[in-house]
Structure formats: C-alpha cells, structure tokens
Amino acid sequence: SAAAKKDNPSVTCSVTGFNLVNNNYEIDKQDYDSLFEATETALKNAYGESNLSFADENQKYVSVDFAGVSATLKDANGNDVANETAPRKYVYKLKISNTEYQYEQYFVIHEIYVYILTFCSTADEYAESAPIFDSIASNFTFKN
C-alpha cells in the first residue's frame, strides 16, 4: 500500500509486508540485522555505495516503540531492559540522479511477518513532511 502527497509526488509513504522465512522459527536480533543488511546491500548495488549515507555510520538505527511493540521489556526484578527484537527505525539519505532523498523506515517483525513502513521525500523537504509521516507511524497498530 502506498500514498503520495497530493501536490508533490516526490513525498511518499508506503507499507510493505511479507512472511519471514528463517531457520529457527523464532524472531531474534539476527533477523532484524539480516533484513536491513540485505536492504542496504541492494541500495548500494543499485545506486552506488557512495550514494547511501547515514547520519552515524556506527549507529544506523534506533530501537523504537511501534505498533504496540515496545523497545523495552521488564526483567524479573521489574527493571527496564532493551528488547533485542524491538522495532527499528532507520533514517538515511540516498542520492539518485543528482537528487538527494531522505528515507525514514520502520522495520517490525510481528507474528513471523515483516512489516516495513517507509517515508521518502527529497532531503530539502524532509523536515516539513516528516511530522505527517510521524503521525501516520504513531497510528499504526496490529489487530490482535
């Protein structure tokens, strides 16, 4: 499913979903790592390694609360601990034909399905349009 801004088709939002196939039938940190590594490799192969950039190459994502899945869990003592399989938010820039685009993506695995919510705009329009996308992302939920 996808939508574009009415007066500007370079501002888009899309949702992709597919079945996760892995070797252990469990969701783990490696599933998330593998998913984005494949995405990153495909982008570099298609557009050139130098055309893909992150604000911080050493921390390409942040774990986030998304669609009812929490970035933190409680341990046996009631303390917050990081959820290794929490949804991830990636923000990066991709240069295509002399135009720089900024992407914001949420990756979440829910019940062995992968969902990717993607926002894209030109880099100079990102700040103006990002709040609309954030509103869409904050309303994303899974039926129980």
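Buried means under 20% relative accessible area, exposed over 50%, and partly exposed in between, with a 1.4 Å probe and protein chains only. I wrote that down before opening the structure.

**Entry 1: ground rules**

I am working with a predicted model, where local features need pLDDT of at least 70, side-chain atom pairs count only at pLDDT 80 or more, and totals for chains, interfaces and linings use all residues. Residues are numbered from 1 along each chain as its sequence is written, and side-chain values use heavy atoms, with hydrogens and water left out.

**Entry 2: the whole chain**

I looked up the secondary structure. The chain has 2 helices and 9 strands. Helices (H or I, at least four residues) and strands (E, at least two) are DSSP runs, numbered from the N terminus. Read in order, the pattern is β-β-α-β-β-β-β-β-β-β-α.

Next I checked the overall dimensions. The C-alpha trace spans about 50 × 30 × 30 Å along its principal axes.

Then I looked at surface and burial. The accessible surface comes to about 8800 Å², and 48% of this belongs to carbon and sulfur atoms. The areas come from the Shrake-Rupley method with a 1.4 Å probe; for residues, only the protein chains shown count as cover. Buried residues make up 34% of the 144 residues.

I also looked up contacts, meaning heavy atoms within 4.5 Å. Of the contacts with a separation of 6 or more, 52% join residues 24 or more positions apart.

**Entry 3: the core**

Which residues touch the most other members of the largest nonpolar core? They are Phe66, Tyr92, Tyr106, Phe107 and Leu117, in a core of 31 residues. The elements that give two or more residues to this core are β2 (8-19), α1 (29-47), β3 (52-54), β7 (88-96), β8 (99-110), β9 (113-122) and α2 (126-138). A nonpolar core is a set of buried Ala, Val, Leu, Ile, Met, Phe, Trp, Tyr and Cys residues joined through side-chain atoms within 4.5 Å. In soluble globular proteins, nonpolar side chains tend to be buried together.

I started with Phe66. Beyond four places in sequence, Phe66 touches Pro87, Tyr106, Val108, Leu117, Ala137 and Phe140.

Tyr106 came next. Tyr106 sits in strand β8 and is buried, at 8% relative accessible area. Its contacts beyond four places include Val64, Phe66, Arg88, Leu117, Phe133 and Ala137.

Tyr32 lies in helix α1. Is Tyr32 buried or exposed? Tyr32 counts as buried, because its relative accessibility is 0%. Among its contacts beyond four places are Ile27, Ala86, Pro87, Tyr90, Phe107 and Ile109. Tyr32 and Ala86 are 54 residues apart along the chain, and their C-alpha atoms are separated by 9.1 Å.

Phe133 lies in helix α2. Phe133 is buried, at 1% relative accessible area. Leaving out neighbours within four places, Phe133 is in contact with Cys13, Glu104, Tyr106, Leu117, Thr118 and Phe119. I also looked up Phe133 and Thr12, which are 121 residues apart in sequence, and found their C-alpha atoms separated by 9.0 Å.

**Entry 4: Val11**

Val11 is in strand β2. Val11 is buried, with a relative accessible area of 7%. Beyond four places, its contacts include Ala3, Ala4, Phe119, Cys120, Glu125 and Ser129. Val11 and Tyr106 are 95 residues apart in sequence and 17 Å apart in space, C-alpha to C-alpha.

**Entry 5: two positive phi angles**

Ala67 has a phi of about 55°. Ala67 lies in the loop between β4 (61-63) and β5 (72-74). Ala67 counts as buried, because its relative accessibility is 13%.

Asn98 has a phi of about 65°. Asn98 is in the loop between β7 and β8. Asn98 is exposed, with a relative accessible area of 70%.
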